[in-house]
Amino acid sequence: MAPSLARLQAAATSSRAETLLRGACAAASAAAALLLGLSAQTKTVLFVRKKAVPRDVEALWVLIVAAAVASGYHAARLLLRRLRSRGGGNDGNATCTAVAWISFLLDKGCAYVVFASSAAALQACFVALVGVQPLQWSKLCNIYTRFCVQGAFGMVCGLAAAVGMAVLSAFSARDLFRLYSPPGRRPRRAQHQHQHQLGPATSSIVTELQKA
């Protein structure tokens, strides 16, 4: 009884941690998209008024779109998890495996896309910060200071979201590979559900075989 209770407590703690981390990823992605998307500043340069917007830097615009999509995805996953916890429906083994594969691929894809777009945007911001003298690219952050500062905060949120999504992909990988674990190492709850689907006669035979 004690090992079973410990496993249940560990599973509940892991599920709670995954939910909190997914919420943090959704919030960080939304913050990155808002900070970068709303960062605009107008300055007068050589008697000409110029406005700096994220669309001027393609890497920033890609990061804004990626962060917004990732935020919506994780918010939808949280909503589905809440609905499933209220419904309490039991899915078949094939359905559970398909859902685990889809969750794993989507979590890993979000982590890769957000991290790659954050790295590209960080490189573009570094060029704007220090300039490139051989190409005669001036330091734009000396002119558009507020735009660069707000963009820097958005970059920090994007990188934090990418790190959190990488950890979430590890959670998804664990849930996926657990379905392919040997029967003796599966959680007791999964074994009971599987035996209940087989029926009382067959489940007793399976139990005797496992003991043997």
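**Figure 1. Overall fold of the predicted chain.** Along the sequence, the elements of the chain follow the order α-β-β-α-α-α-α-α. This amounts to six helices and two strands, where helices (H or I, at least four residues) and strands (E, at least two) are DSSP runs numbered from the N terminus. The structure is a predicted model, in which local features need pLDDT of at least 70, side-chain atom pairs count only at pLDDT 80 or more, and totals for chains, interfaces and linings use all residues. Residues are numbered from 1 along each chain as its sequence is written, and side-chain values use heavy atoms, with hydrogens and water left out. Of the 212 residues in the chain, 28% are buried; buried means under 20% relative accessible area, exposed over 50%, and partly exposed in between (1.4 Å probe, protein chains only). A contact means heavy atoms within 4.5 Å. Among contacts with a separation of 6 or more, 78% join residues 24 or more positions apart.

**Figure 2. The largest nonpolar core.** A nonpolar core is a set of buried Ala, Val, Leu, Ile, Met, Phe, Trp, Tyr and Cys residues joined through side-chain atoms within 4.5 Å. The largest one has eleven residues: Cys-25, Ala-28, Ala-70, Tyr-73, Cys-110, Ala-111, Val-114, Ala-161, Ala-162, Met-165 and Leu-168. At least two residues of this core come from each of helix 1 (2-37), helix 2 (58-87), helix 3 and helix 4. Helix 4 gives the most, with four residues. Another core, of ten residues, lies apart from this one and includes Ala-52, Leu-63, Phe-147 and Met-155. In soluble globular proteins, nonpolar side chains tend to be buried together.

Figure 3. Leaving aside residues up to four places away in sequence, Ala-70 touches Ser-29, Cys-110, Val-114 and Met-165. Ala-68 lies in helix 2. Is Ala-68 buried or partly exposed? Ala-68 is partly exposed, because its relative accessible area is 42%. The C-alpha atoms of Ala-68 and Ala-30 are separated by 5.9 Å, although these residues are 38 residues apart along the chain.

Figure 4. Cys-25 is in no disulfide, and the nearest cysteine sulfur, that of Cys-110, is 9.6 Å away. Cys-25 counts as buried because its relative accessibility is 2%.

Figure 5. Side chains of opposite charge can pair when their charged atoms come close. Glu-18 is buried, with a relative accessible area of 4%, whereas Arg-81 counts as partly exposed at 29%. Together, Glu-18, Arg-22, Arg-77, Arg-81 and Asp-107 are linked in a network of salt bridges.

Figure 6. Arg-77 forms a salt bridge with Asp-107, and the closest N and O atoms are 3.5 Å apart. The pair links distant parts of the chain: Arg-77 belongs to helix 2 and Asp-107 to helix 3, 30 residues apart. Arg-77 is buried, with a relative accessible area of 18%, and Asp-107 is buried at 0%. Ser-103 lies in helix 3 (residues 93-130). What does Ser-103 touch, not counting residues up to four places away in sequence? Ser-103 touches Tyr-73, Arg-77 and Ser-172. Ser-103 is buried because its relative accessible area is 13%.

Figure 7. Accessible areas come from the Shrake-Rupley method with a 1.4 Å probe; for residues, only the protein chains shown count as cover. The chain exposes about 13700 Å², of which carbon and sulfur atoms supply 67%. Patches are made of residues with over 30% relative accessible area and no salt bridge, like charges being joined within 9 Å and nonpolar side chains (Val, Leu, Ile, Met, Phe, Trp, Tyr) within 5 Å. Trp-101, Leu-105, Phe-177, Leu-179 and Tyr-180 make a nonpolar patch of about 530 Å². Phe-177 is placed in helix 4 (residues 145-178) and is exposed, with a relative accessible area of 52%.

Key: A salt bridge is a side-chain nitrogen of Lys or Arg within 4 Å of a carboxyl oxygen of Asp or Glu. A disulfide is a pair of cysteine sulfur atoms within 2.5 Å.
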